Amino acid sequence: MPMSDSTVTQREGHAEVAGPRDVTGRGGSGVLGRLRRPRRPRLWFEILLIAVSYWTYSLIRNAVPEQRAEALRNADWIWRAEHSLGIDVERSVNHAVNAVTWLIIGMNYYYATLHFVMTLGVLVWLYRWHPGRYAAARLTLFTTTGGALAGYYLFPLAPPRLMRGGHFVDTVMAHHTWGSMASGDLKHMSNQYAAMPSMHIGWSLWCGLTVFALASVPWARVLGLLYPVATLLVIVATANHFWLDAVGGVVCLSFGFGVARLWYGAVPYALPRVAWGVEAGYEASP
């Protein structure tokens, strides 16, 4: 994907790359300043960090006690609140989309796979083409996910498909697909009552905003904005989330951006595209 801008200038045959001070005035020569200075990420470290982080996230998420009774009460409360406000659209969407077999099967597989594929894909893209922004964007993503873990513990919530008397269709069970780790034979491998907030929305919105902010190709920017919208439709149509769970995902992402802003002095997209490597004399690639 082409790059939208460049902060690299040439001086004496080497790349001169701006640091946080150039953008925010908050650089420094001390330990804290060095830690906050965007650097070129190391591939081996990033692969290890992402693998360990996702393993830890899954471990903690699934270690949260499955408070079934409380999760079902919370689901009933959200459903009643939405009904009183006239915004309880989830069941209508679930039934309408479930009637179109090819569409709901596609959505089941979308739900199961695309949030991993897209998130990793955007991370790789940032690593390759925007290394100076990579660390701040990764911090945003990781902090967003950490906030979600707190939500799973503090507000256990059953998805609509598990509600008592909700009359939702569990589309994975109905169509015999593997569209959710919390349905069918895989349900014992995942905490079924960790629906609030939706990290499908948190991660897809992070991807969409990143692509929209940094891609230079107009159609890619449009697709970036459409991706979280499509994800919202999928999580509702498959009865895996209330749409208010998506609001929780947005709140967590806002928290993630806030932490990155405090640490780096700017949102990830305002930082230099290329930053100094770990080793002195690193030359930025064109």
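**View 1. Helices H5 and H10 cross at roughly 90 degrees in this predicted model.** Here, helix H5 (residues 90-98) meets helix H10 (residues 218-237), with their axes coming within 8 Å. Because angles of 65 to 115 degrees count as roughly perpendicular, H5 is described as roughly perpendicular to H10. To find the contact on the H5 side, look for Glu90, Val93, Asn94 and Val97. Their counterparts on H10 are Leu233, Val236 and Ala237.

**View 2. Glu82 is a buried acidic residue without a salt bridge.** Glu82 sits in helix H4, which spans residues 68-85. The nearest side chain of opposite charge belongs to Arg91, and it is 10.0 Å away. Which residues does Glu82 touch, leaving aside its neighbours within four places in sequence? You will find Ile87, Asp88 and Glu90 in contact with Glu82, along with Phe242, Trp243 and Leu244.

**View 3. Helices H7 and H9 form a right-handed crossing.** The axes of H7 (residues 131-154) and H9 (residues 199-214) come within 10 Å and cross at roughly 160 degrees. Since angles over 145 degrees count as roughly antiparallel, H7 is roughly antiparallel to H9. From H7, the contact is made by Arg133, Ala137, Thr140, Leu141, Thr144, Thr145, Ala148 and Tyr152. From H9, look for Met199, Leu214 and two tryptophans, Trp203 and Trp206.

Conventions
Residues are numbered from 1 along each chain as its sequence is written. This is a predicted model: local features need pLDDT of at least 70, side-chain atom pairs count only at pLDDT 80 or more; totals for chains, interfaces and linings use all residues. Side-chain values use heavy atoms; hydrogens and water are left out. Helices (H or I, at least four residues) and strands (E, at least two) are DSSP runs, numbered from the N terminus. Buried means under 20% relative accessible area, exposed over 50%, partly exposed in between (1.4 Å probe, protein chains only). Lys and Arg count as positive and Asp and Glu as negative; His and the chain ends are not counted. A salt bridge is a side-chain nitrogen of Lys or Arg within 4 Å of a carboxyl oxygen of Asp or Glu. Contact means heavy atoms within 4.5 Å. Axes are lines fitted to C-alpha atoms, for helices over the stretch in contact, and angles run from 0 to 180 degrees between N-to-C directions. Angles under 35 degrees count as roughly parallel, over 145 as roughly antiparallel, 65 to 115 as roughly perpendicular and the rest as oblique. A crossing is left-handed if the near helix is turned anticlockwise from the far one by less than a right angle, and right-handed if clockwise.
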